[in-house]
Amino acid sequence: MTISPLASISPGARIGANATIGPFTVVHDDVVIGDDCTIESHCVVGLPTALAEGRVLELGDGALVRSHSVLYQGSRIGPGLRTGHHVTIREGLVAGRSLQVGTATDIQGSSVFGDFVRTHSSVFVAQGATIGSYVWLSPGVILTDDPHPPSDGWRAGVTVEDFAVIAARATVMPGIRVGTRSLVAAGALVTRDVAPDTVVAGVPARLLCPTSEVLLRDGSGRPAYPWMRHFHRGYPPEVVERWVAAWGGLPPWDGDIAVSGDAGDPGAPTGSGAA
Ligand SMILES: CC(C)(COP(=O)(O)OP(=O)(O)OC[C@H]1O[C@@H](n2cnc3c(N)ncnc32)[C@H](O)[C@@H]1OP(=O)(O)O)[C@@H](O)C(=O)NCCC(=O)NCCS
């Protein structure tokens with residue numbers, strides 16, 4: 001345990017083995033932190049809020065919270081959390097394993113995230129979002145929840161299904177569903193649901209093409225999507241093996257050998273069961 005003498009740890013906080021806590025970090029009561037966690041300097045962990053209704057903040061094993069981040073009381077985040085700097089996570093987030101949150105991202109809470117969700121920098125996630133597993137939110141993505149701001153009336157968060165990618169500075173309107181393995185192009189304003197395996201682009205966003213028509217720029221002629229056919233970095237072997245199995249475990253696997261086409265591709269896995 002390496003806790004800076006300049007950190008402030010409330011007596012009610014429960015901190016697992018082998019923690020590292022940096023200077024000027026404040027850990028409040030009602031916090032349960034797993035083993036092998038690092039909280040860098042100038043963080044606030046378990047910030048009290050009435051909206052948490054007494055729920056604790058739980059961080060699973062192996063969390064890395066970079067400096068100047070603020071995590072409110074009342075969220076449950078699985079093992080392997082990694083944040084950039086200046087991240088805010090408000091109360092009521094329930095997230096699976098290996099959540100990565102980019103610098104200056106603001107997650108407003110009261111949302112459900114699956115496993116291996118990754119946000120780049122400066123992402124805004126309004127309340128009520130339902131984010132599947134293996135979802136990518138690129139820099140500057142905005143997921144909204146209030147159709148007629150400001151209002152206390154009807155609100156609906158955004159749903160993003162497994163393996164979907166939302167590209168830079170796209171905005172998704174309240175209550176919209178972004179289908180599995182779809183791609184929202186950079187700068188899109190999404191006002192209608194996005195079908196699985198499609199690319200939408202523009203303001204307002206319209207169908208551009210099936211994802212299968214987007215080709216990698218490496219000259220191989222291979223489709224860029226579903227991205228997990230060729231991109232495995234940072235995912236544990238058992239996850240990649242599940243993806244391979246979802247295609248029937250057929251070699252050649254794109255990540256293992258360079259192929260000039262996809263003649264043997266039995267098609268994308270369907271539904272969240274593919275994960
Ligand atoms: C959607 C996307 C994947 C399309 O890539 P692509 O298939 O290589 O597309 P191309 O550049 O060949 O363009 C194909 C057509 O779509 C249009 N188009 C491409 N991207 C567009 C976008 N974001 N919005 C609107 N139209 C777009 C192009 O103008 C072109 O139209 P044209 O044929 O009339 O000239 C790509 O534009 C995109 O958004 N990439 C994500 C970048 C990003 O945000 N990365 C985040 C991590 S840094």
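Modeller: Let us begin with burial. A residue is buried if 20 or more other C-beta atoms lie within 10 Å of its own, exposed if 12 or fewer, and partly exposed in between, with C-beta atoms placed from the backbone. Aspartate 197 has 20 C-beta neighbours inside 10 Å and so counts as buried. This is a predicted model: local features need pLDDT of at least 70, side-chain atom pairs count only at pLDDT 80 or more, and totals for chains, interfaces and linings use all residues. Residues are numbered from 1 along each chain as its sequence is written.

Biologist: Where is aspartate 197 found?

Modeller: Helices (H or I, at least four residues) and strands (E, at least two) are DSSP runs, numbered from the N terminus. Aspartate 197 belongs to the loop between β29 (189–190) and β30 (198–201). Its phi is near 60 degrees, a positive value in a residue other than glycine.

Biologist: What is the phi of arginine 181?

Modeller: Arginine 181, not a glycine either, has a positive phi of about 65 degrees. The loop between β27 and β28 (183–184) holds arginine 181, which is buried, with 24 other C-beta atoms within 10 Å.

Biologist: How is the order of strands in the open sheet read?

Modeller: Two strands pair if DSSP finds at least two bridges between them. Here nine strands form an open sheet with parallel pairing, in the order β3-β6-β9-β12-β15-β18-β21-β24-β27. At the edges stand β3 (14–15) and β27 (177–178); each has a single partner strand, so one side of each is left without a neighbour in the sheet.

Biologist: Which strand pairs with β3?

Modeller: Strand β6 (residues 31–33) pairs with β3 in the parallel sense, over two bridges. Isoleucine 15 is opposite isoleucine 33 in β6.

Biologist: Which peptide bonds are cis?

Modeller: One of them runs from proline 149 to proline 150, with omega near -10 degrees; proline 150 lies in the loop between β23 (142–143) and β24 (159–160). The bond from tyrosine 225 to proline 226 is also cis, with omega near 0 degrees, and proline 226 lies in the loop between β31 (206–210) and α1 (237–246).

Biologist: Which residues surround the ligand?

Modeller: A residue is near a molecule or strand if its C-beta atom, placed from the backbone, lies within 6 Å of it. Around the ligand are residues including Ser138, Leu183, Gly187, Val199 and Val214. The shell around the ligand has nine nonpolar residues, three polar and no charged.

Technical notes: Ala, Val, Leu, Ile, Met, Phe, Trp, Tyr, Cys and Pro count as nonpolar, Asp, Glu, Lys and Arg as charged, and the others, Gly among them, as polar.
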